[in-house]
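The structure comes first, followed by the computed description.

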Amino acid sequence: MNILRNRIIMAAVEEINLRGFKFTMSDLTKRLSISKSSLYENFSSKEELIGTILDMVLNDLRAQEEKIYNSSLPIIEKLKAILLITPEVFEPFHNRVYDDLRLTYPEEWKKIIKFRKERMDRLADLLHQGMETGTIRRVNRSVVQQIIVSTMNDLMNYRFLAENNMTYSDAVAAMLDIVIHGLLDKNK
């Protein structure tokens, strides 16, 4: 990838974290001190730029997951690690960005929905493997999957996180602790 293209992508990510998806291509040209023609030589539209960024993030997450699935970690540790992954190619987006993406770029949002489904299917397989080996007690996998999916979706709510002074990763870690260890105090 050429240097200018990388600079455009990084500037766009900064704009997304600053303004959400309301930034304009003119904002990028000002930030980078480049002409619009230079910008459009690299990306034909804002949609193409957003799609490229999203593809990079999803590919990064997939690569991280693959390393975890192929590792020798115990099943419970794999489950935790997979659900706590955040993008490495960019600093994690602020949580409000996901709501903005869903509302502003529904076609790109479909990529996230597809990624989440693939992710949950693989997690269901991991849960099944854990139950088969006796690492995880036998439970209704569909219910566990729904709990995780619903909770993770709800935890992406910017207002909830702000009101509770939490990051998304903090909230997911708390959810995992409850799902894995339950509510009962083992000391009583």
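## Basis

Helices (H or I, at least four residues) and strands (E, at least two) are DSSP runs, numbered from the N terminus. This is a predicted model, in which local features need pLDDT of at least 70 and side-chain atom pairs count only at pLDDT 80 or more, while totals for chains, interfaces and linings use all residues. Residues are numbered from 1 along each chain as its sequence is written, and side-chain values use heavy atoms, with hydrogens and water left out.

## Largest pocket

A pocket is defined on a 1 Å grid over the protein atoms alone, with a 1.4 Å probe, as an open set of points with protein on both sides within 12 Å along at least five of seven lines; its lining residues have an atom within 4 Å of a point. Points are joined across faces, edges and corners, and the volume is the space filled by probe spheres set on them.

The largest pocket holds about 790 Å³ of space. It is lined by 40 residues, of which L61, Y98, R116, M156 and Y168 are the closest to its centre. At least two lining residues come from each of α4 (46-69), α6 (96-104), α7 (106-133), α8 (141-155), α9 (158-163) and α10 (168-181). The largest share is that of α7, with 8 residues. By class, the lining has 28 nonpolar, 7 polar and 5 charged residues, where Ala, Val, Leu, Ile, Met, Phe, Trp, Tyr, Cys and Pro count as nonpolar, Asp, Glu, Lys and Arg as charged, and the others, Gly among them, as polar.

## Second largest pocket

The volume of the second largest pocket is about 460 Å³. Its lining has 17 residues, and those closest to the centre are I136, R137, V139, V179 and I180. Helices α5 (75-83), α7, α8 and α10 each supply at least two lining residues, with α10 giving the most, 4 residues. The lining divides into 12 nonpolar, 4 polar and 1 charged residues.

R137 is located in the loop between α7 and α8. Is R137 buried or exposed? R137 is exposed, at a relative accessible area of 67%; buried means under 20%, exposed over 50% and partly exposed in between (1.4 Å probe, protein chains only). The C-alpha atoms of R137 and L127 are 9.5 Å apart in space, at a separation of 10 residues in sequence.

Two packed helices are described by the angle between their axes and the distance between the axes. Axes are lines fitted to C-alpha atoms, for helices over the stretch in contact, and angles run from 0 to 180 degrees between N-to-C directions.

The axes of α4 and α5 are 10 Å apart, at an angle of about 170°. α4 is therefore roughly antiparallel to α5 (angles over 145 degrees; those under 35 count as roughly parallel, 65 to 115 as roughly perpendicular and the rest as oblique). The contact (heavy atoms within 4.5 Å) joins E65, I68 and Y69 of α4 to K78, A81 and I82 of α5. It has 4 nonpolar, no polar and 2 charged residues.

With α7, the axis of α4 crosses at roughly 10° and comes within 10 Å, so the two helices are roughly parallel. Residues of α4 in this contact include L61, E65 and Y69, and those of α7 include F115, R119 and L126. By class there are 9 nonpolar, 1 polar and 10 charged residues in the contact of α4 with α7.

## T29

T29 lies in helix α2 (residues 25-32). T29 is buried, with a relative accessible area of 10%. Apart from neighbours within four places in sequence, T29 contacts I34, S35, K36 and L39.
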